[in-house]
Amino acid sequence: MKERVPRNPRRRDVLCKACGALLATIDDTGLVLRRGRLEATVRGDIHASITCYRPWCQTRNALNLKTDRGPPSEAT
Ligand SMILES: [Zn+2]
């Protein structure tokens, strides 16, 4: 999982490991997914997979993070 550090250090972007598409963001509220009018916020221990929305990519990105304790961490 690639990461980049935005202006707000408490917010991080979750990018597709293959093409770099923005899949979700992580901030104080948890993992935030937005697609059009859909918005989902997930908190706690997260073990999820996000498939890239780009039709020519569709890479499966594994996501493991804890948002309850300290700064979020993740591993792929
Ligand atoms: Zn992708």
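The tour goes from the overall fold to the strands, then to the core and a few single residues.

This is a predicted model, in which local features need pLDDT of at least 70 and side-chain atom pairs count only at pLDDT 80 or more, while totals for chains, interfaces and linings use all residues. Residues are numbered from 1 along each chain as its sequence is written.

## The overall fold

The protein chain contains six strands and zero helices. Both kinds of element are DSSP runs numbered from the N terminus, with at least four residues (H or I) for a helix and at least two (E) for a strand. Read along the sequence, the pattern is β-β-β-β-β-β.

Of the 76 residues in the protein chain, 13% are buried. A residue is called buried if 20 or more other C-beta atoms lie within 10 Å of its own, exposed if 12 or fewer do, and partly exposed in between, with C-beta atoms placed from the backbone. Among the contacts in the protein chain with a separation of 6 or more, 34% are between residues 24 or more positions apart. Two residues are in contact if their C-beta atoms, placed from the backbone, lie within 7 Å.

## How the strands pair

Strands of a sheet pair through backbone hydrogen bonds, either parallel or antiparallel. Here, two strands pair if DSSP finds at least two bridges between them. An open sheet of four strands has the order 1-2-3-4, and its pairing is antiparallel. Its edge strands are strand 1 and strand 4 (38–42), each of which pairs on one side only. From one strand to the next, the twist averages 25 degrees; axes are lines fitted to C-alpha atoms, for helices over the stretch in contact, and angles run from 0 to 180 degrees between N-to-C directions.

| Strand pair | Bridges |
|---|---|
| Strand 1 and strand 2 (residues 22–27) | four bridges |
| Strand 2 and strand 3 | three bridges |
| Strand 3 (residues 30–35) and strand 4 | five bridges |
| Strand 5 and strand 6 (residues 60–66) | seven bridges |

Let us walk along these pairs. Strand 1 (residues 12–15) has a covered face with Arg 12 and Val 14, and an uncovered one with Asp 13 and Leu 15. Leu 15 has Leu 22 in strand 2 as its bridge partner. Strand 1 and strand 2 form a hairpin with six residues between them, and Gly 20 in the turn has a positive phi of about 85 degrees.

Asp 27 has Gly 30 in strand 3 as its bridge partner. Further along, Arg 35 is bridged to Leu 38 in strand 4.

Strand 5 (residues 45–51) is hardly covered, since the count of buried residues among its seven residues is zero. The bridge partner of Thr 51 is Arg 60 in strand 6.

## The core

Which residues make up the largest nonpolar core? There are seven of them: Val 14, Cys 16, Leu 23, Ala 24, Ile 26, Leu 31 and Leu 65. A nonpolar core is a set of buried Ala, Val, Leu, Ile, Met, Phe, Trp, Tyr and Cys residues joined through C-beta atoms within 7 Å. Strand 2 gives the most to this core, with three residues.

Ala 24 is found in strand 2. Ala 24 counts as buried because it has 22 C-beta neighbours inside 10 Å. Leaving out residues up to four places away in sequence, Ala 24 touches Val 14, Leu 31, Val 32, Leu 33 and Ile 50. Val 14 is ten residues from Ala 24 along the chain, and their C-alpha atoms are separated by 5.0 Å.

Leu 31, in strand 3, is buried because it has 24 C-beta neighbours inside 10 Å. Leu 31 and Val 42 are eleven residues apart in sequence, and 5.1 Å apart in space from C-alpha to C-alpha.

## A loop to look at

Where is Gln 58 placed? Gln 58 sits in the loop between strand 5 and strand 6. Most residues other than glycine have a negative phi. Gln 58 has a positive phi of about 50 degrees, although it is not a glycine. Gln 58 counts as exposed because it has 12 C-beta neighbours inside 10 Å.

Tyr 53 lies in the loop between strand 5 and strand 6, and is exposed, with 12 other C-beta atoms within 10 Å. Tyr 53 and Ala 21 are 32 residues apart in sequence, and 8.2 Å apart in space from C-alpha to C-alpha.
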